[in-house]
Amino acid sequence: MLAAFANPVFDSQSNFRELLQAMARPAVPRTLPVLPPAPAPAAPAAMAIVLTLCDATTSVWLQQPEDEVVRHLRFHAGLKLADRPQDADFALITNPASMPPLDAFACGDMRYPDRSASLIIQLAAINPVAAGGAGNTFAGPGIRDTETVAIDGLPADFWQQRAALAALLPLGIDLFFVAGQQVLALPRTTRLLEG
């Protein structure tokens, strides 16, 4: 079995600070300072988020529940695995092209909007785009004017699905995109602007 963080407390604290910054400054890629080893198909950045945010009180749905990934997460985080997307606090999406629709995940309810899922979605790349360049442009809390970033590899109707969930605020899901050592967060309050 692969190791996890070399220094679990300090490494998870370092990553937690970056994840907080990623949520506070949506659509801006951040670099995770510590990446643990990860069994395939989980990427090290995705594993860093799971090991930082999840413990025995959280449930995680794995899109590709390979035996080695399951053993790794149970041993290092003690977390529960959800059988269905709607039962998960977190979901690890390792193949976004074939991921379930966004409304398959928990969106919370009006009394407890925090009882919703956070999705960790692995991508090949996350690329900031200079002003006027092609990409996805976002606005909302934590973004001064707009932020534009290229997020590729998602299902064709992904952004339409997310826009449909936006009408349910304060309900919804939060997203963490990972590629290499980068993480980009899109809280449910961040809006995609139409080009």
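Reader: Which residue in strand 10 does F177 stand opposite?

Author: F177 stands opposite L184 in strand 10. Do keep in mind that this is a predicted model.

Reader: How do you know that strand 9 and strand 10 pair, and in which sense?

Author: Two strands pair if there are at least two bridges between them. Strand 9 and strand 10 have 5 bridges, and the sense is antiparallel. They form a hairpin with 2 residues between the strands, and there G180 takes a positive phi near 60°.

Reader: What makes strand 1 and strand 10 a pair?

Author: Here the count is 2 bridges, in the antiparallel sense. The cut-off is at least two, so the pair qualifies. T31, for instance, stands opposite Q182 in strand 10.

Reader: Why are strand 1 and strand 3 said to stand at the edges?

Author: The open sheet has 7 strands in the order 1-10-9-5-4-2-3, with mixed pairing. Strand 1 (30-31) and strand 3 (80-81) each have a single partner strand, so one side of each is left without a neighbour in the sheet.

Reader: What joins strand 5 to strand 9, and which way do they run?

Author: Strand 5 (residues 118-122) and strand 9 (residues 174-179) run parallel and are joined by 5 bridges. Within this pairing, I120 has F176 as its bridge partner, while L119 stands opposite L175. Strand 5 also pairs with strand 4 (residues 90-93), in the parallel sense over 4 bridges. There, I93 stands opposite I121.

Reader: Why is strand 5 described as largely enclosed?

Author: A residue is buried if its relative accessible area is under 20%. For strand 5, 5 of the 5 residues are buried, so the rest of the structure largely encloses it. Both faces are covered, with S118, I120 and Q122 buried on one side and L119 and I121 on the other.

Reader: How many residues of strand 10 are buried?

Author: In strand 10 (residues 182-186), 4 of the 5 residues are buried, and the strand is mostly covered.

Reader: How do you know that the buried residues of helix 3 are on the same side?

Author: The buried residues of helix 3 (residues 67-77) are V69, V70, H72, L73 and A77. They cover an arc of only 165° around the axis, which puts them on the same side of helix 3. An α-helix has 3.6 residues a turn, so residues three or four places apart point the same way. The cover over the buried residues includes helix 2 (44-53), strand 2 (59-62) and strand 3.

Reader: Which residues are exposed on the other side of helix 3?

Author: Those are D67 and F75, and exposed here means over 50% relative accessible area.

Reader: What makes A104 a contact of residues elsewhere in the chain?

Author: The cut-off is heavy atoms within 4.5 Å. Leaving aside residues up to four places away in sequence, A104 touches P85 and Q86. A104 itself is found in the loop between strand 4 and strand 5.

Reader: Which element gives the most to the lining of the largest pocket?

Author: Helix 4 does, with 5 residues. The largest pocket has a volume of about 220 Å³. Its lining has 15 residues, and R162, A163, A166, T190 and R191 lie nearest the centre. By class, the lining has 8 nonpolar, 3 polar and 4 charged residues.

Technical notes
Residues numbered from 1 in each chain as written. Predicted model: local features only at pLDDT ≥ 70, side-chain atom pairs only at ≥ 80, totals over all residues. Heavy atoms only, no water. Buried < 20%, exposed > 50% of the residue type's maximum accessible area, 1.4 Å probe, protein only. 1 Å grid on protein atoms, 1.4 Å probe; cavity = no way out; pocket = protein on both sides within 12 Å on 5 of 7 lines; lining within 4 Å. Points joined across faces, edges and corners; volume = space filled by probe spheres on them. Nonpolar A, V, L, I, M, F, W, Y, C, P; charged D, E, K, R; others polar. Arc of directions from axis to C-beta.
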